[in-house]
Amino acid sequence: MTWQQFIFDLFTYGILAYSLLLLTFYISIAVYSIAEIRKHLRINYFTDFRVLAASDQLPGISIVAPAYNEAANIVENVRSMLSIHYNKLELIIINDGSKDDSLQRLIKAYDLYKINIFINEKIPTKKVRGVYKSNNPVFHRLVIVDKENGGKSDALNVGINIARYGYFVCVDVDCVLEQDALLKMIKPFLEETKTRVIASGGVIRIANDCIIENGKLIKINLPKKYLPRIQTIEYIRAFLLGRMAWSRLNGLLLISGAFGAFDKEIVIKCGGYSTDTVGEDMELIVRMRRYMEENKLPYKVNFIPDPLCWTEAPSDYKILGRQRNRWTRGTIETLWAHKKMFFNPRYGLLGMVSYPYWFFFELLAPIIEFAGMAIFIFFTFLGFIHWPTFLALLVCLLLFGFLYSVFAILMEVLTYNQYKGRKDIFKLIGTAFLEPFLFHPFVVWSAIRGNIDYLRKKNTWGEMTRLGLSPNHSQPPVAAIIKPLSGHGWLLQKIIHAVKEAAVYVVILLSSMLLVKIYELIRDVGHFGVPKNFSDVIKFGIINDLSFALNIAIIPVTIFILIFLLNKKIARFFFVTFSLLLIVIHAALAEYFLETLVPLGADLLGYSLADIKQTVGAAGISMTFILSAATMVALIISLFIIIPKKLKFNVRFSVVMISVSVLASIFSIASITNKWKPGQEFSNNISLNKSYYFYNSCFRSLYGRKEKYLFVPATETAFEYVDEAHYPFLHKVDSTDVLSPFFNKKEAKPNIVFIVVEGLGRAFSNKDAYLGSFTPYLDSLSGKSLYWSNFLSSGGRTFAMLPSIFGSLPFSKNGFLELGDQMPKHLSLLNILKENGYSTNFFYGGDAGFDNMDKFLTANGTKIYDEKTFSANYKKMPATSNGFTWGYADAEVLNRLNEATAEMKTPTCNVVMTLSTHNPFLINDQDKYRGFFEQRMKTLNFNEAEKTEHRRYTDQYASILYADEAIRNFMNSYASRDDFNNTIFIVTGDHRMPEIPMSTKIDRYHVPLIIYSPLLKRSESFGALSTHMDITPSLLALLKHQYNYKVPTMATWLGKGLDTARSFRNIHSYPFMQTKSDIEDYVMDEYMLHGDELFKISDNMNLDPVTDDKKKAMLKSAFAGFMQKNSTLAKTTSMFPDSLLIK
Amino acid sequence: MQALNLTFLQIDTIVFIRAIYIFLVILSALFGIILGFTIYKRRIEKNKKAWHQSLAGIISQAIVLTEEETINITDEIKKLLKKSIFRRYVIDELIHALKNLSGASTLNLVHLYEILELNIDSFKKLHSKRWHIKAKGIQELGIMNQKKYSREIFRLTNHPNELVRNEAQCSIISLYGFSGLRFLNVAAYPISKLQQIELLNKLKGLKPKNSEGFKKWLQSSNESVVIFSLKLATSVNLHNLYDNVVNCLQSNCLEIKLNALEYIKKIPGENSAGIIVSHYFFNNKIFRLAIIDALRDIGSENEISFLLSLLHDEDDEIKAAGAKSLSWLHPLGADFLQAHSFADQDPWKNIFLEIKNERAA
């Protein structure tokens, strides 16, 4: 399992497990609450509250109601509370330094006078300015306390200090209590005989749109507005299901601050309400419970489901957001303050269940949900989501949520049934259905804001504007009518603001991309001249860049808008940074193309850091690039600073702009436009958006969906496989020997010399090379050799050379060499020759560790002569400006071969891999070869235009001429050796040099193959198509027939052998791997498949696009067959059974 | 690098389809229940309205019935009485009517209850295994004065289920008044404060024949029995328990001591104040405050010196309580406090001002 897989699984399975656990808890809570409510109802049936009301044995209760700026309703609210049925009652209203005229209104309404009172400050509080009582004996229960503002907790603490009785009930002053609320509330305290009830909570119900007269609830109505209505369901769910279940477990952690009864003695012992939190209600309960647990005192926190307290719910998003924000902060503060209890068995159920539940499912739930949403969006853009599963899960979750709400409604109907009308019930059900879309996301968002505010140490309560419940307020003033709209608009306004800014930023991003495109085109044209179909190049280039920018803009835009809601500056900084990074990477990719003429793809991921350093070092980073990049960064930063100040879009345009970006992303417009090409390969590459190509390639390489390859039944051209289930590539060897007819037989085993020339392409080598031949020696050599003019390498880079030529091996995922130490045991020309008594040697001027070549060679028993084995007499190639050199020049490497093998007695197979024709094309005596280049152009009768065009690549051509001469010198030198007449020389290119523009896709693989030997009976030229994969099978067939070598009867060769037909044809079907990440090309018959494009190969190896679905399907099917086998390679340790080994 | 296998969530679609199907079935069931329940409830309410019409006549007839008259049960009622739901309704209506009536009318309603053989229904409930039905049966038999079932009911006064136990205790008292309190002799479970209120309410207006039972209960090992007995003794003014109650001041249970103090406050003896003061230093703050408060009612000038010492107690609450009682016992009243040298200092200043205020009111 890869680490990405691990993280992905951790996330996805984690979320799944979390969700399932949460749902299980919900179900348990629902089931558990049924029993508790049923029990409560049954017991309550036997309680005659009239008896209680009349009893003088009831304990006294002090109602403590803090009030802050409640002038509008306070007189009526006090009147409502005074009318409560309870014998021993005092009502303490604490005016917490209100800025309005609350106190004056109370004084007037209740004929109050200031009394002298001694307050025993058992809990420290802010200063009490005065205590008032009424002159009217009717209001003898009323005590009004005027104090300095200190917050709700401080006001409650003052109330507790003043309270006469042993129990107190804290109430929000704007709540409407049922007349028998206190009788019902005190009951749990009186019922318990074994344990002490330290607190009791009651259900809070939503009073919006209910009819309230003189502080009494006259008629219960379902709220008309959506928000209060959904809160009605939420409260039913929370109180009737959640808290009842927790009460049964005696695990309740929260009693609403709006209505709760407390044992005053315990509260005082615990220090009263905490003034350091905005969640004082929860914190007090947790602290009281903690106190009881720590002192090992049996206790209970009770909850009664009767609807006793009615309050006004926020009816606009702004107020609701503040409330939920505060609740979240309160929860965090409380849990943090009592973190000691977390999974602490000392606290029993409290520490082991209640606290962890609150932590995981109350505190973390919104965070996990929000993170899940963000990652879901991210995954969506990356294409990770399996939509059928996602939709099914989504439907299940939504249904569960809906089900839970409907169940709560059912419980309400079966128990207290406050909303009598059937219409109301179905209205509630309809409201519940909309909850996940209209309400829940906002609640989650508010909780997230609460978390952020907590981190920012924001500890304000947030103003809770209320419209009022009394009939006087049934027609709200204009301001109140506007409020919900403005509240609703608060979020909307902020989003609109964010969208408007985002639209401007998107335009800047698009402009920046265009600037880079212009810069890229100028540099391309400056470097390589005007490409073919230039107008199309410009057109498609611009379209591609714009579409890419639009496509990717959704990421910064989404994140920008989200951050913008929290902090504008951070949002802007993010967008600018993201854009800069995007553009700089884009410019670097363009620069890479400029150097290599190939767009950089996921092959980058296939190289080790050392390989990358080596390659980048070889190319060097030009001063032009550094200066250009710096200028560009400065320019783009300026654009981002200046333009937003000058450019302001209207809402409509901004929305359209962002919508276009969203649509572009949804429909992946970049993937569509990047298929539009000017035609010629080089022009195609110039117009290609390099960033899109790179990211797309990397993404497909890293996270591409695992293909399910179709099984392809054997065709007449396929091998006779022997055990495909275990060894998918193992087949009987076709013993056809096509080379023997061309060779004379000698007794002594022949030596074999492979010269693999870096970048040697047919485009500039030998007769009919479309760029003209710059290999005069090889041209002449091929005239004396067996020469394949339409020969193909198997890879677009060097990584594929060794496995293809010497093992006819498949690629695995990133090239056979990339398997490294996990390379399966395999057959190769090298190890078979070794078995037949050969000494096999590899000569390389650089570090053989590059591309894991050394691992492959070592596994094949080949001795490596790389740069480390060269003595001081050998001369390295010139270094680049930053001191980098690949190693020793070709001539030196070939000399090294002569030196190392001249005295060898055993037959040898020597492999030379050259380097001089590699970027940066720096060779010794470079000027001399530049001169040769000029001379060669003259010889080739180039006109001036052709010369000018070719001179753009002078160093490349000069290096080719150098390599050609080095081979000439080597051959001349070798001719003097005794073994010359018994040596077979095989010369080919590892791939076609990409630094000279290519004309077609197949050009990248088009290389010559020359087999020269004094043993040859005759020379011959072949027009049939063969590849590197065919060399080993044919050579082994020759050696077996001519010299009776031990050659396995079964092998894993991909190649069937060289085709010696003189005219162009293709009897093979082979895959090709352009880079370490792409196996996108497949050749079969006279067709080439590249991705989804089908081309016909002409006899001069040109490609013509064709539309032939049947043929395409055939190629795709054959390609899929290969890929299916290829995908198994990484898991195998051996490609053949041990029994096959030559004894 | 290997491609990520992102297919983990590609659970067989059929699993989800089944899950969705199950959700939909449950959802439909919930809808059905909600709809069915609302329809059922409406129908029951409608039926009850109709039954009320029919039953109201019979109940009215029964209330004013003389010994010579008999209750005329209509055929419609007879037919309806075959339905258990109607029989339950009739019982509830009779109980409701009975609670609002007194005198001979109640006997007529009991008679009607017996004529309709509803006592059999209640007795059946008494034997139900479901505690709330059992409790309902007990309640009905108790309210309907069905003494013939008292043995069964008495046995339930010690039932493990609290509600059954409570209803049985209430019913026994309903049937036998103070004599019914014999269950206190054997009460194994604590009697909750709520139940004590219920029992006290049932015994309101009744007088015990003697106080022998009380003496025994005040020594009960069940603390709630002692507390209840103290409350009851206080409420019915049982004078001859004074010594037994004073002994209760030595209990370890605060609740017992507080209730004993209440009794002493209400029915003081010769040296009650001295006795309670003697307990002052051996008790906690709550009891101390209760003693200081009680002195206001039963104290004399003898306790002034004790109360004066409290003005210098460390605890401000004790200071305040002491000062309050002092203001009641001292011949100079609240003015005495003002004469003190520290009267202008905190916290005495505020304490004294508050007392002055209170006394003035």
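Mentor: Let's start with a definition: two residues are in contact if their C-beta atoms, placed from the backbone, lie within 7 Å. Residues are numbered from 1 along each chain as its sequence is written, while chains are lettered from A and ligands numbered from 1 in the order in which they are written. This is a predicted model, in which local features need pLDDT of at least 70 and side-chain atom pairs count only at pLDDT 80 or more, although totals for chains, interfaces and linings use all residues.

Trainee: Which residues of helix α3 in chain A are buried, and what covers them?

Mentor: A residue is buried if 20 or more other C-beta atoms lie within 10 Å of its own, exposed if 12 or fewer, and partly exposed in between. Helices (H or I, at least four residues) and strands (E, at least two) are DSSP runs, numbered from the N terminus. In α3(A), residues 74-82, the buried ones are Ile74(A), Glu76(A), Asn77(A), Val78(A), Ser80(A) and Met81(A). Their cover includes the strands β1 (61-67), β2 (89-96), β5 (142-147), β7 (176-177) and β10 (216-219) of chain A, along with helix α4 (102-110) of that chain.

Trainee: How many helices and strands does each chain have?

Mentor: Chain A comes to 34 helices and 28 strands, whereas chain B has 20 helices and zero strands. Of the 1143 residues of chain A, 48% count as buried; for the 361 residues of chain B, the figure is 33%. Take the contacts in chain A with a separation of 6 or more: 78% of them come from residues 24 or more positions apart. In chain B, 61% of the contacts between residues at least 6 apart join residues at least 24 apart.

Trainee: What mean pLDDT does chain B have, and where in chain A does pLDDT stay under 50?

Mentor: pLDDT is the predictor's confidence in each residue, from 0 to 100. The mean for chain B is 87, with 96% of its residues at 70 or more. Chain A averages 86, and 92% of its residues score at least 70. In chain A, pLDDT stays under 50 over residues 472-488, where the model has 15 contacts beyond four places in sequence, and also over residues 705-717, with 19 such contacts. Residues 1-8 of chain B stay under 50 as well, with 22 such contacts. For the complex, the predictor gives an ipTM of 0.88 and a pTM of 0.59.

Trainee: How do I read a helix's span, say for α12 of chain A?

Mentor: The expected span is 1.5 Å times one less than the number of residues. Helix α12(A), residues 387-414, has 28 residues and reaches 39 Å from its first C-alpha to its last, close to the expected 40 Å. Its buried residues include Ala392(A), Leu403(A), Phe407(A) and Val413(A).

Trainee: At what angle do α30 and α32 of chain A pack?

Mentor: Axes are lines fitted to C-alpha atoms, for helices over the stretch in contact, and angles run from 0 to 180 degrees between N-to-C directions. Helix α30(A), residues 926-939, packs at about 95° to α32(A), residues 954-975, with the axes 8 Å apart. That makes the pair roughly perpendicular (65 to 115 degrees; under 35 is roughly parallel, over 145 roughly antiparallel and the rest oblique). Gln926(A), Tyr929(A), Arg930(A), Phe932(A), Phe933(A) and Arg936(A) in α30(A) meet Thr954(A), Tyr957(A), Ala958(A), Leu961(A) and Tyr962(A) in α32(A). These divide into seven nonpolar, two polar and two charged (Ala, Val, Leu, Ile, Met, Phe, Trp, Tyr, Cys and Pro count as nonpolar, Asp, Glu, Lys and Arg as charged, and the others, Gly among them, as polar).

Trainee: Is Ser793(A) buried or exposed?

Mentor: Ser793(A) is buried because 29 other C-beta atoms lie within 10 Å. Ser793(A) sits in the loop between β15 (786-792) and α26 (801-807) of chain A. Its contacts beyond four places in sequence include Ala800(A), Gly989(A), Tyr1005(A) and His1028(A). The C-alpha atoms of Ser793(A) and Pro1008(A) are 8.8 Å apart, though 215 residues separate them along the chain.

Trainee: What are the phi values of Asn417(A) and Ser808(A)?

Mentor: Phi is near 40° for Asn417(A), a positive value in a residue other than glycine, and near 45° for Ser808(A), also positive. Asn417(A) lies in the loop between α12 and α13 (422-438) of chain A and is partly exposed, with 13 other C-beta atoms within 10 Å. Ser808(A), in the loop between α26 and α27 (829-835) of chain A, counts as buried, with 30 C-beta neighbours inside 10 Å.
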